Amino acid sequence: MTVSGPPLFELEDVHQSYGSGPVVLNVLEGVDLQVCRGDFAAIMGPSGSGKSTLMNIIGLLDRPARGRYLLKGVETASLDDGETAALRNEAIGFVFQSFHLLPRLTAWQNVGLPLVYRGLGRAEIRRRATGLLETVGLGDRAAHRPHELSGGQRQRVAIARALVGEPEILLADEPTGALDTDTGQEIMNLLFRMNEEQGTTAIVITHDHGVAAQCPRRIQIRNGRLQERDPPPNGGGAGL
Amino acid sequence: MRRFGRTSLLEACGGLLATRQRAVLALIGIVVGVASVSSMISVGKIVKDEAARQFQELGTDVLAIAVRARDKRRGRARLELSVAERIDSLPGLAAAAPFTRGAAHVTIGGASRELAEIVGATGEFAVLNRLPLAEGRFISRLDRGQYFCTLGAGIAEKLRKAAGAVVGESLRIGDTACTVVGALAPATTQQRAFDANRIVAMPIGTAALVIPNKTLRDIVARMSPGTGYREATKQIEDYFRFRAPDMRVRVRSPEQLIEQLHRQMRLYTLLLGTVGAISLLVGGIGVMNVMLVAVAERKGEIGLRRAVGARRADIQAQFLVESTILSLAGGAIGAGLSFAATWGICRFAGWAFAVSAEGAVLGTAVAAGAGVFFGFYPAWQAARLNPVAALRG
């Protein structure tokens with residue numbers, strides 16, 4: 001469900017490189033990207049192509065060496081640490097390949113973590129986190145710790161955590177990479193559902209063509225530049 | 001302040017439990033350090049109280065003058081009562097009471113024998129020594145030549161048990177019967193030249209017959225207002241140098257006693273302070289080590305927290321809270337231990353033990369300070385981690 005209007009975020013001529021002196025590795029060399037509210041995009045590319053770097057820049061974990069990044073119309077280069085953290089907390093939800101759940105916390109505490117940094121009270125956090133766990137089908141696992149959950153369940157907890165703060169953008173870095181095909185498909189279906197029902201913009205990094213083929217927008221990254229792929233013949237895979 | 005909210009406190013405890021063994025090792029240093037610091041403060045307070053109590057009981061202006069023959073073999077040198085009595089003519093002294101003393105067995109109620117200190121005294125003796133009466137009166141100038149006595153509280157109690165009363169009863173010193181005219185209230189300090197609870201005070205003249213071989217050797221004196229004990233001591237020494245050249249004079253004042261007390265305390269303070277400082281340093285470095293390891297082990301967590309919206313300051317606060325809780329736990333144990341240590345020191349030094357909250361509170365504050373101080377560097381390291389690198393683990 002793509003809504004027209006001003007882009008939610010926009011990258012202009014973004015460069016990023018690592019190292020210094022003679023061994024500079026140019027990862028991104030002039031990336032332009034516009035993403036609108038409700039977009040569901042897959043970013044594909046071989047390993048080392050800069051997918052993760054791009055995601056870290058979009059997710060405000062990293063800053064481009066050159067170029068502009070506007071998020072919700074805000075020039076992100078001018079933000080200090082506190083403002084960046086606040087914007088990240090409010091606008092972005094991360095899902096990682098390796099889940100990154102804190103082993104000492106229960107499922108609901110993991111889900112509620114973004115709200116802790118929003119300054120909400122414990123009772124409110126618990127209420128919202130439990131609600132999100134129900135949405136992802138884990139209402140009865142709220143008090144379990146990560147080691148008591150299967151891989152698919154852990155990723156669903158992570159997705160609940162990414163969504164609990166009602167962010168505009170969901171950034172998923174290989175969300176199905178550590179899961180078997182069926183479980184991975186369940187996770188993708190959950191992401192499509194969230195996109196459909198709540199209008200959450202989703203950027204999914206993947207090297208799995210099967211996963212990418214389901215996404216309405218597919219972007220190829222090659223030699224540090226982006227290349228938009230044509231929509232697949234069936235007109236997009238939302239809801240597959 | 002959201003970053004010191006309940007959630008992060010609970011999480012801090014959880015984080016520490018995860019690194020238990022290293023934490024215990026670091027704690028030992030903090031425990032010993034805080035115990036030392038708390039004891040140091042408690043001992044200081046106890047000594048101050050002790051000094052105040054002794055000042056109150058002995059008075060700040062009373063001197064004990066001991067006059068002894070300079071050379072035992074020449075023997076015959078003695079202090080004349082007339083010389084001793086007139087010492088109050090010195091400008092530095094307001095009043096003086098010479099007294100003799102010697103041990104003797106007294107027979108109470110015909111049967112019980114008690115070892116007592118026979119004191120030959122004048123009327124000013126009780127006043128100058130601040131010995132309040134419990135009943136009756138103290139012996140006075142008018143009792144001269146009479147076999148009258150006033151008893152210390154301990155001896156009086158024995159007599160009351162044996163005879164049912166004190167004043168008007170009599171006891172025997174050797175073969176001599178002596179009528180009791182009064183009894184003193186119990187004394188608590190042990191810092192006088194004699195045990196005030198076990199004295200039998202008599203006029204100097206009659207005492208000399210009961211304890212014949214004891215010569216006059218002691219004077220208790222009160223200084224004139226505004227005279228320091230050093231000045232008074234000098235005057236007294238000059239006085240005897242001229243009138244009793246063969247005698248050696250020693251003057252003791254409560255101030256001197258208390259100076260001695262403080263010297264003793266300074267020794268404990270130095271000892272405890274040194275042990276405390278070294279232990280806190282060792283413990284603090286231990287805490288720093290625990291926290292550095294925790295930061296290294298929990299890079300992923302730090303990265304994740306940054307990703308979900310933690311500021312650098314939030315990460316820094318989280319690790320500072322953890323190191324402070326770690327140190328406070330050690331501090332609480334150490335403060336408890338300090339009570340035991342203080343009790344031991346007081347027993348050894350003969351002071352009255354008292355529980356002082358100051359020591360525990362300050363010790364705990366020191367622990368918290370150590371936690372913040374030694375936790376600062378690891379917390380700063382955690383806060384400045386690049387979130388992207390941290391997420392990679």
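**Buried serine and aromatic pairs**

Student: Is B:Ser39 buried or exposed, and what is its relative accessible area?

Tutor: Buried means a relative accessible area under 20%, exposed over 50% and partly exposed in between, with a 1.4 Å probe and protein chains only. B:Ser39 is therefore buried, for its relative accessible area is 1%.

Student: Which pLDDT must side-chain atom pairs have in order to count?

Tutor: Residues are numbered from 1 along each chain as its sequence is written, chains are lettered from A and ligands numbered from 1 in the order written, and side-chain values use heavy atoms, without hydrogens or water. The model is predicted: totals for chains, interfaces and linings use all residues, local features need pLDDT of at least 70, and side-chain atom pairs count only at pLDDT 80 or more.

Student: Which backbone oxygen lies 2.6 Å from a polar atom of the B:Ser39 side chain?

Tutor: B:Ser39 belongs to helix H2 (residues 20–58) of chain B, a helix being a DSSP run (H or I) of at least four residues and a strand (E) one of at least two. Leaving aside residues up to four places away in sequence, B:Ser39 touches B:Leu272, B:Ser338, B:Ala341 and B:Thr342, where contact means heavy atoms within 4.5 Å. The backbone oxygen at 2.6 Å is that of B:Ala35.

Student: How many Å separate the domain centres of chain B?

Tutor: Chain B is divided into domain 1 (2–55 + 259–392) and domain 2 (61–252), with bounds from an automatic or database assignment. Taken over C-alpha atoms, the separation of the two centres is 55 Å.

Student: How are the rings of A:Phe9 and A:Tyr69 arranged?

Tutor: Phe, Tyr and Trp rings (six-membered for Trp) pair if their centres lie within 6.5 Å; planes under 30 degrees apart are stacked, over 60 edge-to-face and the rest tilted. The whole structure holds 11 aromatic pairs over all chains. With centres 6.0 Å apart and planes at 90 degrees, the A:Phe9 and A:Tyr69 pair is edge-to-face.

Student: Which elements of chain A hold A:Phe9 and A:Tyr69?

Tutor: Both residues, A:Phe9 and A:Tyr69, are buried. They are 60 residues apart, and the pair links strand E1 (residues 9–18) with strand E4 (residues 66–71).

Student: How many residues apart in sequence are the parts tied together by A:Phe40 and A:Phe192?

Tutor: The ring centres of A:Phe40 and A:Phe192 are 4.5 Å apart and the planes at 35 degrees, so this pair is tilted. A:Phe40 and A:Phe192 are both buried. Because A:Phe40 lies in strand E3 (residues 40–44) and A:Phe192 in helix H6 (residues 181–198) of chain A, the pair ties together parts whose separation in sequence is 152 residues.

Technical notes: Polar contact = N/O pair within 3.5 Å; in protein donor to acceptor, adjacent residues only side chain to side chain.
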